[in-house]
Amino acid sequence: MRAEELKGHLDALLLAALEDGPRHGYAVIESLRQNTGGRLDLPTGTIYPALRRLEQAGLITGSWSVVGGRRRREYKLTAAGTRALSGKRADWLDFSAMVSAALEGRPCPSPA
Amino acid sequence: MSEPRLISSYLAVLADQLPASIVEELADGLTETHRSYLQQGLAPDLAAESAVAEFGEPQEIVAEFARVNPARRAARRLLGIGPLVGACWAAALVTDRASAWPVPFTVRILIGAALITIIGLLAASALSTRYRLAARAGVAGCLGIAALDAVLITGVTFTSAPMTWVVVGAMLASTARIAFAARSLVPALAR
């Protein structure tokens, strides 16, 4: 998937990558890569500013630790982030069901 | 394990343009990416090339950090609400015949010049893809607009300008903008 197509969904993908617990930037990228079957085509350096943006929005929190002599920033979901992820997930399921129905020429299921 | 020169050079380019804490985080991610390629069996130099290519162009990363900089976001919002506050003052100046207020011509010119400078700073911050320019111009613009609003409020309060409801409305609009600028400065200065 190309970067432009991903942009509108990046926040939800990043929040989902943190759903199972705290992760540092590289681990978030690895999780995204695994969960997208390696089809993520995004300069991975741009994930870090996106994480900072989510942190400023109060959806995740970041904290520093030292690993192998290097400082490492780890992120975890806040309560607001968990709620935002649920909302984005529901919106996406509704949206994808609607588009799938339209593309396949079948009736659109009613929203959950 | 020593860091390949390519990775050191890449991080040096970022360090020239971004705060140390951000570069530390990127260095950790880039080192992990490099290590991952080494574990896949690539030679160190090729692993470094692959890691840097995967990370993306330094200017693209800097521009993304500039976009999420709190000072830049504050500058964009201040530019957005600026016309509203300006309209309040314009209404006050027109309806209360401000030309008759006892304000020296030099002071009027200075206020106009300050306003133009502040708008320039806020616009530079709002449009810049250079992190430090976006941050510094944004902070300067926030401080400048708060100072200008304070000068306007103080000036109107202590001159013999008529205190009509239009003037009071403009002063309230400026007070709200001072509060917004001050609140925006906290995260902007914390970085």
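Predicted model: local features only at pLDDT ≥ 70, side-chain atom pairs only at ≥ 80, totals over all residues.
**View 1. The hairpin of S2 and S3 in chain A.**
Strand S2 of chain A covers residues 60-67, and strand S3 of chain A covers residues 70-77. The two strands pair in the antiparallel sense. Their pairing runs over 8 bridges. One bridge links Thr61(A) to its partner Lys76(A) in S3(A). Between S2(A) and S3(A) lie 2 residues. Gly68(A) sits in this turn and has a positive phi of about 60°. In a regular strand, side chains alternate between the two faces of the sheet.

**View 2. The contact between chain A and chain B.**
Chain A contributes 16 residues to the contact, and chain B contributes 20 residues. On the side of chain A that touches chain B, at least two residues come from each of helix H3 (25-35), helix H4 (47-56) and S3 of chain A. H4(A) gives the most to this side, with 5 residues. By class, the side of chain A that touches chain B holds 6 charged, 6 polar and 4 nonpolar residues.

**View 3. Packing of H1 against H3 in chain B.**
Helix H1 of chain B spans residues 5-15, and helix H3 of chain B spans residues 44-55. Their axes lie 8 Å apart, and the helices pack at an angle of about 25°. Angles under 35 degrees count as roughly parallel, so H1(B) and H3(B) are roughly parallel to each other. H1(B) makes the contact through Leu6(B), Ile7(B) and Tyr10(B). H3(B) supplies Ala48(B), Glu49(B), Ala51(B) and Val52(B). The residues of this contact of H1(B) with H3(B) comprise 6 nonpolar, no polar and 1 charged.

Conventions
Residues numbered from 1 in each chain as written. Chains lettered and ligands numbered in written order. Pairing = 2+ DSSP bridges. Helix = DSSP H or I, 4+ residues; strand = E, 2+ residues; numbered from the N terminus. Contact = placed C-beta atoms within 7 Å. Nonpolar A, V, L, I, M, F, W, Y, C, P; charged D, E, K, R; others polar. Axes fitted to C-alpha atoms, helices over the stretch in contact; angles between N-to-C directions. Parallel < 35°, antiparallel > 145°, perpendicular 65-115°, else oblique.
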